[in-house]
Amino acid sequence: MNYPNGKKYNPTASIKTPVKKISYSNRGMTLEEDINATNQYYLECGKAVIHKKPTPVQIVQVDYPKRSAAVIKEAYFKQASTTDYNGVYRGKYVDFEAKETKSLQSFPLSNFHEHQIKHMHLVAKQKGICFVLIRFSSTDEIFLLQAEQLFIFWDRMKNGGRKSITKKELLACSHIIKLGFQPRIDYIKVIDWLYHFD
């Protein structure tokens, strides 16, 4: 028996199938995607209005390879960004930063910039709700750390102390948020508890 291309059929020949490499990247959503989905849920339910802040960029050079497509060739940040998210909940201003780490046992404070800490100080001084969401990506643990607690660790580092926050310290002074379906990261639940909104 022959194949349509003329080659002889050989029943003992093994069929080689290409081996696909299994990729474990992007199994879950990123912290930003989870927070954006959460904020959309809050918005649709009429619970809160919180958005990701756009990063201000100054475009310097643009090429037009086609009339319908523009390619940005050169751009600069107009100013240092502050925190990732802001908005309003129950008449209170909400402002927070979101950070992830691959580390298993500590969160490096080098993930923050001086201007972000200064901004959070200003928000806290005005009695705004200010915090940071920290995700340990390898274990999917999420912590809500209030700005006032973050300042203690930041000052410790500035005074020559430890340059990270241990997970043990986070467990003692922050609030764990379990991943859910809707909303994905229910940080409003923690805010309600902290500020006695319920």
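Modeller: The side chains of D84 and K52 meet in a salt bridge at 3.9 Å, N to O, a salt bridge being a side-chain nitrogen of Lys or Arg within 4 Å of a carboxyl oxygen of Asp or Glu. This is a predicted model in which local features need pLDDT of at least 70 and side-chain atom pairs count only at pLDDT 80 or more, while totals for chains, interfaces and linings use all residues. Residues are numbered from 1 along each chain as its sequence is written, and side-chain values use heavy atoms, with hydrogens and water left out.

Colleague: How many residues apart in sequence are the parts that D84 and K52 tie together?

Modeller: D84 lies in the loop between β3 (69–77) and β4 (85–89), and K52 in strand β1 (residues 49–52). Strands are DSSP runs (E, at least two residues), numbered from the N terminus. The pair therefore ties together parts whose separation in sequence is 32 residues.

Colleague: Is D84 buried or exposed?

Modeller: Buried means under 20% relative accessible area, exposed over 50% and partly exposed in between (1.4 Å probe, protein chains only). Because its relative accessibility is 18%, D84 counts as buried.

Colleague: Which residue in β8 is the bridge partner of L133?

Modeller: L133 belongs to a set with I129, F131 and R135 that points one way from β7. β7 and strand β8 (residues 141–146) pair in the antiparallel sense over six bridges, where pairing requires that DSSP finds at least two bridges between two strands. In β8, the partner of L133 is L144.

Notes. Helices (H or I, at least four residues) and strands (E, at least two) are DSSP runs, numbered from the N terminus.
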